[in-house]
Amino acid sequence: MSETHPVSGFPDAPGRTRGYDKRAVDEFLERARVAFEVDPSTEGVSGADLDAAAVRTASFPLVRGGYAIGPVDAALSRVEDAFAARERDSAVSEHGAREWVERARGEAQVLLDRLSRPATRKFARTGLLGFGYRVDEVDLVAGRLVAYFERGAPVSVEQVRSVAFRMQRRGYREEQVDAVLDAVIEVMLAVR
């Protein structure tokens with residue numbers, strides 16, 4: 001039976017399963033709380049540099065006796081959504097909705113151009129002996145994202161956040177695919 005931490009509310013990882021290091025998670029979420037309460041334009045204040053992208057890319061050591069991964073990831077998704085909404089509201093009030101929409105449209109077009117490349121050529125490949133993401137799986141997700149950008153096909157932010165690929169020799173380079181998926185999430189959050 002997993003226990004729920006009295007302060008954070010996160011359950012412990014069950015049994016011998018590794019979970020996120022509790023101290024690292026608690027410290028990050030406290031930093032995020034402080035950053036969210038600070039005026040985003042404030043410089044030199046601890047946490048004022050934290051934004052939606054930093055929340056999305058946060059990672060924690062896996063340890064025995066840590067927090068269960070799923071609930072922490074779900075909480076981080078909500079925190080990222082809150083930061084993204086604040087960033088959008090701030091940009092709209094500073095530059096206007098039209099400029100915000102044009103910027104999001106431009107970013108979406110860059111992503112669409114990348115994702116529309118021919119099958120098996122959307123991203124760079126690993127070396128002959130290297131492993132990367134399975135090309136067919138990435139191409140399938142890319143096709144769904146193209147349909148989202150071109151026709152408004154239903155794809156949720158959570159679906160993009162949770163996508164996972166198996167590995168293959170001479171697969172797509174992970175860092176390129178991950179960077180594009182992060183950019184897709186940013187655009188999706190921008191137009192919510």
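The legends below describe several close-up views of one predicted model.

Local features are given where pLDDT is at least 70 and side-chain atom pairs at pLDDT 80 or more, while totals for chains, interfaces and linings use all residues. Residues are numbered from 1 along each chain as its sequence is written, and side-chain values use heavy atoms, with hydrogens and water left out.

**View 1. Overall fold of the protein.** The protein has seven helices and four strands; helices (H or I, at least four residues) and strands (E, at least two) are DSSP runs numbered from the N terminus. Along the sequence they follow the pattern β-α-α-β-α-α-β-α-α-β-α. The C-alpha atoms fill a box of roughly 50 × 45 × 30 Å along the principal axes. Of the 192 residues, 35% count as buried; buried means under 20% relative accessible area, exposed over 50%, and partly exposed in between (1.4 Å probe, protein chains only). Contact means heavy atoms within 4.5 Å. Among contacts between residues at least 6 apart in sequence, 76% join residues at least 24 apart.

View 2. A pair of aromatic rings is described by the distance of the centres and the angle of the planes. Rings of Phe, Tyr and Trp (its six-membered ring) pair if their centres lie within 6.5 Å; planes under 30 degrees apart count as stacked, over 60 as edge-to-face and the rest as tilted. The structure holds seven such pairs. In one of them, Y20 and F60 are edge-to-face, 5.3 Å centre to centre with 65 degrees between the planes. Y20 lies in strand β1 (residues 18-20) and F60 in the loop between α2 (52-56) and β2 (62-64), so the pair ties together parts that are 40 residues apart in sequence. Y20 is buried, with a relative accessible area of 12%, and F60 is buried at 11%. Ring pairs link Y20, F28 and F60 into a cluster.

**View 3. Aromatic pair of Y148 and F149.** Y148 and F149 also form an edge-to-face pair, 5.1 Å centre to centre with 70 degrees between the planes. Y148 is buried, with a relative accessible area of 19%.

**View 4. Largest nonpolar core.** A nonpolar core is a set of buried Ala, Val, Leu, Ile, Met, Phe, Trp, Tyr and Cys residues joined through side-chain atoms within 4.5 Å. The largest one has 41 residues, of which V72, L115, V160, V177 and V184 touch the most other members. The elements giving two or more residues to this core are α1 (22-37), α2, α3 (69-95), α4 (97-115), α5 (135-151), α6 (157-162) and α7 (174-190). Helix α7 supplies the largest share, eight residues. Leaving aside neighbours within four places in sequence, V184 is in contact with L111, L115, L145, F149 and V160.

**View 5. Surroundings of E80.** E80 is found in helix α3. At 3% relative accessibility, E80 counts as buried. Not counting residues up to four places away in sequence, E80 touches A52, V55, R56, R161, I185 and L189.

**View 6. S59 in the loop between α2 and β2****.** At 62% relative accessibility, S59 counts as exposed. S59 and V25 are 34 residues apart in sequence, and their C-alpha atoms are 8.7 Å apart in space.
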